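Here are my notes for a first reading. Please keep the model open beside them and follow the points in order.

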Amino acid sequence: MIEKAPISFRPNLKSVIWGGSRLCRYKGLPDSGEKIGESWEVSAVPGRESVVAEGPYAGMTLGQLAESFGEELLGRNVIERHGRVFPILVKLIDAADNLSVQVHPDDTLAMRRNGTPGKTEMWYIIDSEPGAHIYSGFKRPITPSEYERRVADNTFPEILANYHARKGDVFFLPAGRVHSIGAGVLLAEIQQSSDITYRIYDYDRRDAAGNPRELHTALAEEAINFSDTSPETDPTHPADARGLEEIASCGHFTVSRLVIDAPTPLRFDPGSFTILMCVDGNAALTYPGGATDLHRCHSLLLPAILDTIELNGKATILTARYPSSY
């Protein structure tokens, strides 16, 4: 039986052309001197799997944990739909420069092309600099022929819906929604466990060898929802109040925001694991038999059999779970 205790993972940082320096600073890690754009907090994606940092399972990957402990770790809802496969990927993203304009395929297209799930995701804005923006969907519906023309003449961003990025904003991004993170945004990303991205526009950037970065405009065309416009693409903003509030839910994940400033007991349905990510402040977590800390920009995985905890401190925490039904 798996221990009824939170699981922490080693830092899993990714250097990218548009990355910055905030993630190491926020996570209390030494400055690597690299442009760190992503921290893969909880991942079972092959080649980027999270590795347990300490305790009896130190050195094991998340995939190995899932295979070894099954329902005790994952919960019955996951087992029923995915077997012993961890279905969610959680990241932190620091955009010191604009990310490419991109789109992700849905399950049907991704399975046909790659034999993997598609990629629906959501963003929670942790911090943003003045003037920072998010692209999400289109200003108006467009046609595939207009898409092809705008890609060819480098005017594609002009047709995208452009939003100011405010701390606490929530963007839901179903597969097929064209999107991009603007420079100056730090956010949490919760998504399906998939790493398929079709890059459409990239500001004519070059890689380290001086070559234009690869675009996937033809692959993207079949994935895009060309009718995806406001209000569906608009962000939401949770109420600025203490307590637990659901902020995004779909067939792939349910995410809530928890604001605490006093001892707060929580009880979870054992149908799913729970991921806790602290996006502001610090918290102390107690559970039957032990205690640990949860610092800003750190994450913990609670096995499904760990259904009762208490949090104390002053913090804002995201919880991510697999939905019971949808």
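1. N12 touches E38, S39, W40, R48, E49 and S50, leaving out residues up to four places away in sequence. Contact here means heavy atoms within 4.5 Å. N12 sits in the segment before β1 (13-20). Helices (H or I, at least four residues) and strands (E, at least two) are DSSP runs, numbered from the N terminus. The side chain of N12 makes a polar contact with the side chain of R48, at 3.1 Å. A polar contact is a pair of N or O atoms within 3.5 Å; within protein, one must be able to donate a hydrogen and the other to accept it, and residues adjacent in sequence count only if both atoms are side-chain atoms. Is N12 buried or exposed? N12 counts as buried, because its relative accessibility is 13%. Buried means under 20% relative accessible area, exposed over 50%, and partly exposed in between (1.4 Å probe, protein chains only).

2. A word on the basis. This is a predicted model: local features need pLDDT of at least 70, and side-chain atom pairs count only at pLDDT 80 or more, while totals for chains, interfaces and linings use all residues. Residues are numbered from 1 along each chain as its sequence is written, and side-chain values use heavy atoms, with hydrogens and water left out.

3. Next, the nonpolar cores. A nonpolar core is a set of buried Ala, Val, Leu, Ile, Met, Phe, Trp, Tyr and Cys residues joined through side-chain atoms within 4.5 Å. The largest one has 43 residues. Those with the most contacts inside it are L62, L65, L73, F86, I190, I275 and L301. Helix α2 (residues 62-69) gives the largest share of this core, four residues. Apart from it lies another core, of 20 residues, with V103, Y147, I159 and Y198 among them. In soluble globular proteins, nonpolar side chains tend to be buried together.

4. L62 deserves a look of its own. Which residues does L62 contact, leaving aside its neighbours within four places in sequence? They are F9, V42, S43, A44, E49, S50, L73, F86 and L301.

5. Now the open sheet. Its six strands run in the order β1-β2-β3-β10-β5-β8, with antiparallel pairing. β1 and β8 (170-173) stand at the edges with a single partner strand each, so one side of each has no neighbour in the sheet. Neighbouring strands of this sheet are turned by 25° against each other on average, direction ignored. Strands β5 (residues 121-128) and β10 (residues 185-192) pair in the antiparallel sense over seven bridges. Two strands pair if DSSP finds at least two bridges between them. S128 stands opposite V185 in β10.

6. Another antiparallel pair is β12 with strand β13 (residues 254-260), over six bridges. A hairpin of four residues joins β12 to β13. S249 has T254 in β13 as its bridge partner.

7. The aromatic pairs come to ten. Rings of Phe, Tyr and Trp (its six-membered ring) pair if their centres lie within 6.5 Å; planes under 30 degrees apart count as stacked, over 60 as edge-to-face and the rest as tilted. F138 and F156 are edge-to-face, 6.2 Å centre to centre with 80° between the planes. F138 is in strand β6 (residues 133-138) and F156 in the loop between α6 (144-152) and β7 (160-164), 18 residues apart. F138 counts as buried, at 1% relative accessibility. F156 counts as buried too, at 1%.

8. F138 also pairs with F226. Their ring centres are 6.4 Å apart and their planes at 20°, so this pair is stacked. F226 is in the loop between α7 (217-223) and β12 (243-249), so the pair ties together parts 88 residues apart in sequence. F226 counts as buried at 11% relative accessibility. F138, Y147, F156 and F226 form one aromatic cluster.

9. Finally, some backbone details to check. S230 and P231 are joined by a cis peptide bond, with omega about 10°. P231 lies in the loop between α7 and β12. N154 is not a glycine, yet has a positive phi of about 60°. N154 is exposed, with a relative accessible area of 53%.

Definitions and conventions:
Axes fitted to C-alpha atoms, helices over the stretch in contact; angles between N-to-C directions.
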